[in-house]
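The tour below moves from one selection to the next.

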Amino acid sequence: MSTPEVHILNGPNLNLLGTREPEIYGADTLADIEQMCLAAADDLGLALLFRQTNSEGMLIDWVQEAGKSAEVLIINAAGYTHTSVALHDALKALQIPAIELHLSNIHAREPFRRHSYVSAAVAGIICGFGADGYLLALDAASRLIEKA
């Protein structure tokens, strides 16, 4: 039996974590979060692919790729959450479960951040727990895989 694979995809500006509005997004860098996720995935018996892009088209390509090689997709679409119908369509086409993830509580922020094109296309949403949200999402992914 092969090791179940989870993809974590990160959208625009998340490469700036640690320096961009740390009062909202925390002090951890994306590299810190990736290392934390790799260790947690190992503990859960999961293979992990962790990526970040500022390009909407690349993010959509990676969503489509996840549909072919992963058991679960975790996506922090960042700003594309609120703007991308194309990303919504790519997520709706998946035959695997997806989890929407946000560092901040998008529902407690500016009104434009409260609308998500991603939410209607995923199994569940985790938001507001900072970097720990990634660990919660990996645990949820592991449980989804166990139930499949």
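Begin by selecting His 7 together with its partners beyond four places in sequence: Leu 49, Glu 65, Ala 66, Ser 69, Ala 70, Val 72, Leu 73 and Ile 74 are in contact with it. The model is a predicted one, so the distances quoted on this tour are to be read as properties of that prediction. His 7 belongs to strand β1, which covers residues 5-10. Is His 7 buried or exposed? Its relative accessible area is 1%, and because the cut-off for burial is under 20%, His 7 is classed as buried. Now display the side chains of His 7 and Ser 69: the two make a polar contact at 3.5 Å.

**The whole chain**

Five helices and five strands make up the secondary structure, and along the sequence they follow the order β-α-α-β-α-β-α-β-β-α. Along the principal axes, the C-alpha atoms fill a box of roughly 45 × 30 × 25 Å. Of the 148 residues, 46% are buried. Among contacts with a separation of 6 or more, 76% join residues 24 or more positions apart.

Colouring by charge then brings up 9 positive and 18 negative charges, whose mean positions are 8 Å apart.

Return to the cartoon and select Asn 13, in the loop between β1 and α1. Most residues other than glycine have a negative phi. Asn 13, however, has a positive phi, near 75 degrees. Its relative accessible area of 34% makes Asn 13 partly exposed.

Move on to Asn 15, which also lies in the loop between β1 and α1, the helix at 22-25. Asn 15 is partly exposed, at a relative accessible area of 40%. Which residues does Asn 15 touch, not counting those up to four places away in sequence? They are Leu 30, Gln 52 and Asn 54. With side chains shown, a polar contact of 3.4 Å can be traced between those of Asn 15 and Gln 52.

**Across to Thr 53**

From Asn 15, draw a C-alpha to C-alpha distance to Thr 53: the two are 8.0 Å apart in space and 38 residues apart in sequence. Thr 53 sits in the loop that joins β2 (47-52) to α3 (56-69). With 9% relative accessibility, Thr 53 counts as buried. Beyond residues up to four places away in sequence, Thr 53 touches Asn 10, Gly 11, Pro 12, Met 58, Leu 59 and Trp 62. For a local detail, show the backbone of Ser 55: its nitrogen lies 3.0 Å from a polar atom of the Thr 53 side chain.

**A last stop at Ala 78**

Finally, select Ala 78, in the loop between β3 (72-76) and α4 (85-92). What is the phi of Ala 78? The angle is near 50 degrees, a positive value in a residue other than glycine. Ala 78 counts as buried, at 14% relative accessibility.

Definitions and conventions:
Residues are numbered from 1 along each chain as its sequence is written. This is a predicted model: local features need pLDDT of at least 70, side-chain atom pairs count only at pLDDT 80 or more; totals for chains, interfaces and linings use all residues. Side-chain values use heavy atoms; hydrogens and water are left out. Helices (H or I, at least four residues) and strands (E, at least two) are DSSP runs, numbered from the N terminus. Buried means under 20% relative accessible area, exposed over 50%, partly exposed in between (1.4 Å probe, protein chains only). Contact means heavy atoms within 4.5 Å. Lys and Arg count as positive and Asp and Glu as negative; His and the chain ends are not counted. The place of a charge is taken as NZ of Lys, CZ of Arg, CG of Asp or CD of Glu. A polar contact is a pair of N or O atoms within 3.5 Å; within protein, one must be able to donate a hydrogen and the other to accept it, and residues adjacent in sequence count only if both atoms are side-chain atoms.
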